[in-house]
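Welcome! Take a moment to look over the chain before reading on. The notes below walk through a few of its parts.

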Amino acid sequence: NSEKPWGGRFTEPTDAFVERFTASVGFDQRLYHHDITGSIAHATMLAAVGVLTNEERDTILEGLKAVKADIEAGTFQWSVSLEDVHMNIEARLTDRIGVTGKKLHTGRSRNDQVATDIRLYLRDEIDVIAEELKRLQAGLLNLAEREADTIMPGFTHLQTAQPVTFGHHLLAWYEMLVRDGERLQDCRKRVNVMPLGAAALAGTTYPIDRAMTAKLLGFDRASENSLDSVSDRDFAIEFCSFAALLMTHLSRFSEELVLWTCAQFDFIDLPDRFCTGSSIMPQKKNPDVPELVRGKTGRVNGHLISLLTLMKGQPLAYNKDNQEDKEPLFDTVDTVKGCLRAYADMVPAITAKADNMRVAAKRGFSTATDLADYLVKKGMPFRDAHEVVGRSVAFGVEQKRDLSDMTLAELQSFSGIISEDVFDVLTLEGSVQARDHLGGTAPTQVRAAVKRARNALKQG
Ligand code: ARG
């Protein structure tokens, strides 16, 4: 076990299978950039407090930069027998610069090192995801503005309920994403705390300056408790829970896009470049992107449960179990980024089939509530109005005619207080325009909401 940085107390080599079984280098090498960034800050701090000389520091920093260049050039040989990204990089550093390389790990453990690496990695990915989320939100706002006057049926129980504007419907999706963005930023605050200095679990005997390292790495502060620092993975769970909710929203959105593109709804068109065909049925154009996003929600939800379960039985402080945090977290990051990218590209290219939406909105007595409200405004108690309109709907069902297609005399047979002005409220336009208050579906409200949202998005 002479190659192992920890080989001193061992009397036989590691079993070949155990070596592969315990190694994480196959997946944690993705942390190389952040591992080196963390090491540079650590060495800089060690020199500042006199644990390393300035020459040693410079030799280490140069060596680390050369190792990074090797990795990026693809000439770095990752070794499974060196277990993980941390020991691979440290061993290569020592190969390059000699004995000084062996001083880098002074006052540090892989336990605080890996916790620092993941936080640096996740912080960067959060910032990328936040930008991609904003791109999708901006696309939704543009589409909502374009479709502020387009009328579609609004549903409850997937039964036609009341007419809404398509722009208003899209803004509902926008609001969900606003909350997701807030959750992401809130999670970032707890990600951006530095564990380095906790060492293995108890801290270190060297006169380290944690505030300095934290500053160098852009952390808001150093963590308070060394035991907690090496064992906490809440931040990753929190991120995955943000991701699971975001994916749940994208999945619901996807479900609607799938419904709306089918021949039975035919409300929207997705451009060909976001769809695929069938190898047997020549007529098919399948909404693969929404379907796949809906499907990928399952694996993200699964990763959240993986991490929660990973943590639930762990005693303090670090345990090797924690090595299992990486693959679920990495896959969550990759999946969320992919889904957001696809949606941010696709949403602006959605085209509404306004005529079909309109026909659908007229079906199903969607203005029945408007008729009831009309009667109430003429003095009838709401429950009585509900009953009157219910009877006129029953007549319409029997006659296969909408309320707006009935004659004044027919409507008056249900209530004498109905007069000619009833037809204003029975139109689709009259119905949506009447819901003219904050949060309502009226086109003017949709436009105002888009304006407010754009300002908030710019500031956020
Ligand atoms: N590869 C390990 C992980 O991902 C690094 C920390 C290992 N520490 C240890 N004492 N074995 O968690």
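## Around helix H13

Let's start just after helix H13, where Gly-364 takes a positive phi of about 90 degrees. Keep in mind that this is a predicted model.

Helix H13 itself spans residues 354-362, and its buried residues are Met-357, Ala-360, Ala-361 and Lys-362. Among the elements that cover these buried residues are strands E1 (151-156), E2 (159-165) and E6 (351-352), along with helices H7 (166-191) and H18 (428-434).

## How the chain is divided

The protein chain splits into domain 1 (7-106), domain 2 (111-200 + 224-358) and domain 3 (368-426). Between domains 1 and 2, the contact takes 11 residues from each one. On the side of domain 1 that touches domain 2, helix H2 (25-28) and helix H3 (32-48) each supply at least two residues. The largest share of that side, 5 residues, belongs to H3. By class, the residues there are 2 nonpolar, 6 polar and 3 charged.

The UniProt record, an unreviewed entry, places the feature "domain: Fumarate lyase N-terminal" at residues 8-302. Over residues 8-302, the chain is 61% helix and 6% strand, with its end C-alpha atoms 40 Å apart.

## The ligand and its shell

Which residues surround the ligand? They are Ser-24, Asp-28, Asp-84, Arg-110, Asn-111, Val-114, Lys-320, Asn-322 and Gln-323. Helix H6 (residues 110-146) gives the largest share of this shell, 3 residues. Sorted by class, the shell has 1 nonpolar, 4 polar and 4 charged residues.

Conventions. Residues numbered from 1 in each chain as written. Predicted model: local features only at pLDDT ≥ 70, side-chain atom pairs only at ≥ 80, totals over all residues. Buried ≥ 20, exposed ≤ 12 C-beta atoms within 10 Å, placed from the backbone. Helix = DSSP H or I, 4+ residues; strand = E, 2+ residues; numbered from the N terminus. Contact = placed C-beta atoms within 7 Å. Near = placed C-beta within 6 Å. Nonpolar A, V, L, I, M, F, W, Y, C, P; charged D, E, K, R; others polar. UniProt positions renumbered as here; feature names shortened; annotations may be inferred. Domains from an automatic or database assignment.
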